[in-house]
Structure formats: structure tokens, C-alpha cells
Amino acid sequence: MPDILAMEQRASLWIFGYGSLVWRPDFEFASRRVGFIPGYSRKFWQGDTFHRGSPEMVSFGLCVSMLPHQHCWTLTSLLPFSLQPGRVVTLQEDYQECTWGVAYEVRGDQIESSLQYLNIRESVLGGYVTKFVEFYPQDEGETGVLPALVYIATPQNPSYLGPASEEDIAAQIVACSGRAGHNIEYLLRLANFMHSFCPEAEDKHLFSIEEALIAILPCLYSTDDPATVFC
């Protein structure tokens, strides 16, 4: 694990996000770059009992309507859901794959404040550990490679759920909500980022879950409601 004190003493630090950090970093930064890290694939294998789920197992029956807003999705009410762990992404070593996301450059006092914030958000509440990876900014090739800090949830953490079929993962996502919002929002915002900023990139796991989710949604609502919109 990287030395936090040594990182805080750097002039600048790049932090790579591949989940909710791509649209909601919630810390101050000097610059941001879209790009990828090689040798890893993105997987919805980490459980989340705080941001997008709950540790309890209680079922509810509510409804949802989703309206497109500036190429993203806004949840206007809640889906039928159970209070159970949601599904969020982690990285799996895969030397034939790469993972696209956003790297944020933090400088000066931003380094300490961002690391303190992310320690709570990703490590304490999320179960993630840190490591350094090589980040390749979009359209710059190997000459622009940057070392970047990334948060990864390993199988050793207690919230790790591991592999499941794309259909089972989509069904769990449909049923979960946490303090940061519904698990569906997390999936669709991440897929929207890929479609919008990395249209040529492949992410079979993510896109298969997105397709499975879209297939599930019409089964949950009455088509007589004109306010309900599906992808």
C-alpha cells in the first residue's frame, strides 16, 4: 500500500477514478483527464452497504419513473427494492484488458484534503485499498503516461461479493438503494460516461449489465404511465 505521508509531500498527485469518481469526485482538483489504465478490467463484484445499498435484508414495494436530463438519468422516485448490499465496481487484474475512467490532478493542500476525504469514502466506508498504476491520457499514447493512485476492492475485504452473471447483477442493482442514491443511477451514469467520453472503448461486463437492466425495467411498471421512460 502506498505511503500516505509520502503522497501528501508530493508537489502533485494523480488519482484515477473508474466508478462514481468519474462524475462525482467531491474534492478540489487542479485538472482532470479522461484515459485508461492497462492490465485491469472493471467488475461489479464489490458490495456496498452505505452509498448504494444497505446491510439489512428488508423488502419494500415502491415505484420509479426515470426522465432523461442532459444525457443522463434522474431518478424521480424509488424502485421496488430490498435493503441489501448494492453492487459497485472494483478492478480485476487482466493483462489483456484496460479500464477507462478519469484521472484528477491534485496539488498542494488539495493532496492532503482529497486523500483524507477518499480514505473515508473509499477505504473506511467502501473497503478499498490503494496502489499506483500507469495512467494513459486519451489520445496521447505512451509518451503521456502518468503514475496515478487508484482504489481497488480485493477479495479479502468483508464487502466483496465476487462474480455473478450479468443478469443476476442487474437484478440486484434494480433492488438496491443507499445514501448516495439508487444503484441503478450508479450503473447508468457509469455506462453514460463510457458512451459519451470513450465511445470506441469496449467494456463488455458493464455494457452487458446495462443491457440486462434495460430488459428488466419494463417488467416492473405499468406501460399506461406516460411519465415512465425507459432507455
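This is a predicted model: local features need pLDDT of at least 70, side-chain atom pairs count only at pLDDT 80 or more; totals for chains, interfaces and linings use all residues.

User: How many helices and strands does the protein chain have?

Analyst: Helices (H or I, at least four residues) and strands (E, at least two) are DSSP runs, numbered from the N terminus. The protein chain has 5 helices and 11 strands.

User: What share of the residues counts as buried?

Analyst: Buried means under 20% relative accessible area, exposed over 50%, and partly exposed in between (1.4 Å probe, protein chains only). Of the 231 residues in the protein chain, 48% count as buried. Accessible areas come from the Shrake-Rupley method with a 1.4 Å probe; for residues, only the protein chains shown count as cover. The accessible surface of the protein chain is about 11,300 Å², and carbon and sulfur atoms hold 53% of that surface.

User: What do residues 24 or more positions apart account for among the contacts?

Analyst: A contact means heavy atoms within 4.5 Å. Among contacts in the protein chain with a separation of 6 or more, 79% are between residues 24 or more positions apart.

User: Which residues touch the most other members of the largest nonpolar core?

Analyst: In soluble globular proteins, nonpolar side chains tend to be buried together. A nonpolar core is a set of buried Ala, Val, Leu, Ile, Met, Phe, Trp, Tyr and Cys residues joined through side-chain atoms within 4.5 Å. The largest one here has 52 residues, and those touching the most other members are Phe16, Phe44, Met194, Leu206 and Leu213. With neighbours within four places in sequence left aside, Leu213 is in contact with Ala170, Val174, Ile184, Leu187 and Leu188.

User: Which residues of helix 4 are buried?

Analyst: The buried residues of helix 4 include Ile184, Leu187, Leu188 and Met194. Helix 4 has 15 residues and reaches 21 Å from its first C-alpha to its last, close to the 21 Å expected at 1.5 Å a residue; the expected span is 1.5 Å times one less than the number of residues.

User: How many salt bridges does a search of the whole structure find?

Analyst: A salt bridge is a side-chain nitrogen of Lys or Arg within 4 Å of a carboxyl oxygen of Asp or Glu. The search finds 7 salt bridges. One of these joins arginine 42 and aspartate 203 at 2.8 Å, N to O. That pair links distant parts of the chain, with arginine 42 in strand 2 and aspartate 203 in the loop between helix 4 (183–197) and helix 5 (204–216), 161 residues apart.

User: Why do arginine 42 and aspartate 203 count as buried?

Analyst: Arginine 42 counts as buried because its relative accessibility is 2%, and aspartate 203 because its value is 9%.

User: What does glutamate 185 form with arginine 52?

Analyst: Glutamate 185 and arginine 52 form a salt bridge, with their closest N and O atoms 3.0 Å apart. Glutamate 185 lies in helix 4 and arginine 52 in the loop between strand 2 and strand 3 (58–59), so the pair ties together parts that are 133 residues apart in sequence. Salt bridges that share partners join Arg52, Glu185 and Arg189 into one network. Both glutamate 185 and arginine 52 are buried.

User: Which residues form a nonpolar patch on the surface?

Analyst: Patches are made of residues with over 30% relative accessible area and no salt bridge; like charges are joined within 9 Å, and nonpolar side chains (Val, Leu, Ile, Met, Phe, Trp, Tyr) within 5 Å. Here Ile120, Val124 and Leu125 form a nonpolar patch with about 240 Å² of accessible area together. Isoleucine 120 lies in helix 2 (residues 109–124) and is partly exposed, with a relative accessible area of 43%.

How values were computed. Residues are numbered from 1 along each chain as its sequence is written. Side-chain values use heavy atoms; hydrogens and water are left out.
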